[in-house]
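Please look at the model shown here and follow it slowly, one place at a time. The paragraphs after it begin at a single residue and then widen to whole chains and the contacts between them.

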Amino acid sequence: MDVARLVELNATYARVIDNEQFEEWPKLFLDPCLYKVTTAENVARGLEGGLIYADTRGMLEDRISSLRKVNIYEGQRYRHIVGLPMVLGQANGTAEVETPFLIVRIMRDGAMDVFATGCYRDKVKPDSAGALRFEERVVVCDGRRFDTLVAIPL
Amino acid sequence: MDIRHDETIRELRPQAPQHVWPDDSLARVPYWVYRDEANYQREVERLFCGATWNFVCVEADIPNKGDYRTNHVGAMPVIVVRGPDGEINCFENRCAHRGALIAFDDGGNVQNNFKCIYHAWSYDLAGNLRGIAFEHGINGPDGVMRGGMPKDFSRDQFSPRKLRTTTLGGLVFATLSPDTPPIEDYIGSDVLGRLKRVLNRPIRVMGRFVQPLPNNWKLYVENVKDTYHASLLHTFLTTFRITRLTQGGGVLVSPDGGSHSSYTIAIPEGTNATAYKDQQIRTDQDGRFALADPSVLDSVEEFGDHIQLQILSVFPSFVLQQIYNCLAVRQVVPRGPDKMDLVWTYFGFDDDTPEMNRRRLKQQNLVGPAGFVSMEDGCVGGFVQRGTAAADDKVSVVEMGGSTAESQATRATEASVRGFWKAYRRHMGY
């Protein structure tokens, strides 16, 4: 799989979140899909539970509508710094890809902190129109600590 | 030479709090209690090191001899370990020599002993000091033995503090005090029944997360016990009728006030069904907010009693949660007067079917740091902590449902919050 296209997919992913175009985010996934936020520790221990666990695009859309209309949290946004994707394998048109990330959270009062670092473990393949989409994105955070709350997807 | 240094410190530390409790009512809580450093030290000693049961791990974490986990009882680091005869031991994670952590990881397995890395003093699985490196000194080039510990040094008197342990439904609790009553009496028969209702067979851990919160630990414990807030703060709960005050349910408070269980019964509301609409409660978004994929709420009756939501606490810092089929224990770990960690352990049962496992994974979206419901509990404590920054001499009003702390057949009450303060004041001597 063309690494340049994977870079573009990741750039789009980071951009829609950081620019708060959250409604665009579910569109980057196939349906059904898997989006899970977990930790390296849980993965190492074989624990399946996730901080966020969605296996349909509808569940991703619900994350966003809940974020927009339902949940209460203090104003904040993210800045994603996404590293280069590494293609670990390919089969039947699906690429297994690993990409490191760093997310800085900017609070409404201006405080900036490293909120999460980790690795996206993805399965990526083209949709019916040929655009690369996530069949799976498992967000494996390096640490187990999540300060106060995780409102916006990582 | 064998003065217990911890006792010496205790004598020197001032016992008098800087503040006094404002009056006798359980319905008023002074704000200094969330901020004061001396009060925090007093909590470490009197509550967490006092006659209380503190959650330290689940039995499933340490099935075999030598399996251990590290944790905290209040501010005190502890090791909890499965002993040679299957018993569970717990002792302070502090080397008797120079005070270093004996174990500095989350857990693992040791054969027969723990060894401090600093000077290789070693401890058996019960926390007894067993070995001291070069205890009898060491031979010099001239063949003469020099150094070592004094001959009259008594190892027995220098072991880390040992805690008594007890197990209940696969949970392990520990206490430093010889006076703590059996845990069944400590939480009382009502709350005990509710705990056993959920923890009725072997569990399996499904995931762990830590949520550091920018508030005093008691603000979170109060939030857990506060059945009044749940459907007012959390739109998700109200809109999807996971819990509303108009549904059946109530709150059970242990005789000493400290432990509680609140519950919501899965029966349709009666003539009161429009109460949230009538009062224009923000959280009632019925008809205005709908899920694209409601499978997150697909649940099955698991315990055979129509209780769809149960929150249970054991004084001072343990929470057991059942929201539909989403099960978790939460441990509150204080980190000073204005910080705490909330440690989440999601679990299911050994005999879960693949369908039940998937259901639990989906419902875990409701809780934890990113929970549709729980994320808001993460920030409200901080709002109180910041809101009360200049209000040490002011009090909060905890008067919904009266000013006493007994069980009530409604959740429009703060009875269990008052219960917490009843137990807190007794332990703290306020």
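This is a predicted model: local features need pLDDT of at least 70, side-chain atom pairs count only at pLDDT 80 or more; totals for chains, interfaces and linings use all residues.

A:Glu20 is partly exposed, because 13 other C-beta atoms lie within 10 Å; by the rule used here, a residue is buried if 20 or more other C-beta atoms lie within 10 Å of its own, exposed if 12 or fewer, and partly exposed in between, with C-beta atoms placed from the backbone. A:Glu20 sits in the loop between helix 1 (3-18) and strand 1 of chain A, where helices (H or I, at least four residues) and strands (E, at least two) are DSSP runs, numbered from the N terminus. Although A:Glu20 is not a glycine, its phi is positive, at about 60°. Most residues other than glycine have a negative phi, and most peptide bonds are trans.

Residues are numbered from 1 along each chain as its sequence is written, and chains are lettered from A and ligands numbered from 1 in the order in which they are written.

Chain A as a whole has three helices and seven strands, and from the N terminus on its elements follow the order α-β-α-β-α-β-β-β-β-β. Strand 1 (residues 29-39) of chain A is joined by seven bridges to strand 7 (residues 132-141) of chain A, and these two run parallel; two strands are said to pair if DSSP finds at least two bridges between them. Within this pairing, A:Lys36 stands opposite A:Val138 of strand 7. Strand 1 of chain A is also joined, by three bridges, to strand 2 (residues 52-54) of chain A, this time antiparallel, and there A:Tyr35 has A:Ala54 as its bridge partner. Strand 1 of chain A also holds A:Pro32, and the peptide bond that joins A:Asp31 and A:Pro32 is cis, with omega about 0°.

How does the radius of gyration of chain A agree with that of a compact globule? A compact globule of 154 residues would have a radius of gyration near 15 Å, and chain A has 15 Å, which agrees; the radius is taken over C-alpha atoms, and the globule rule is 2.2 Å times the number of residues to the power 0.38. The C-alpha trace of chain A spans about 45 × 35 × 25 Å along its principal axes, and 38% of its 154 residues count as buried. Among the contacts in chain A with a separation of 6 or more, 58% are between residues 24 or more positions apart, where two residues are in contact if their C-beta atoms, placed from the backbone, lie within 7 Å.

Turning to chain B, its domain assignment gives domain 1 (54-165) and domain 2 (189-428), with bounds that come from an automatic or database domain assignment. The C-alpha centres of these two domains of chain B lie 37 Å apart, and the contact between them takes seven residues from domain 1 and eleven residues from domain 2. On the side of domain 1 of chain B that touches domain 2, strand 2 (residues 54-58) of chain B gives the most, with three residues.

The largest nonpolar core has 143 residues, and those with the most contacts inside it are B:Val56, B:Ile79 and B:Val80; such a core is a set of buried Ala, Val, Leu, Ile, Met, Phe, Trp, Tyr and Cys residues joined through C-beta atoms within 7 Å. Domain 1 and domain 2 of chain B both give residues to this core, so it lies between them. Leaving aside residues up to four places away in sequence, B:Val80 touches several residues, including B:Val56, B:Ile62, B:Ile88 and B:Val172.

Finally, consider where the two chains meet: 33 residues of chain B are in contact with 33 residues of chain A. Strand 14 of chain B supplies the largest share of the side that touches chain A, nine residues. By class, this side of chain B has 20 nonpolar, nine polar and four charged residues, where Ala, Val, Leu, Ile, Met, Phe, Trp, Tyr, Cys and Pro count as nonpolar, Asp, Glu, Lys and Arg as charged, and the others, Gly among them, as polar.
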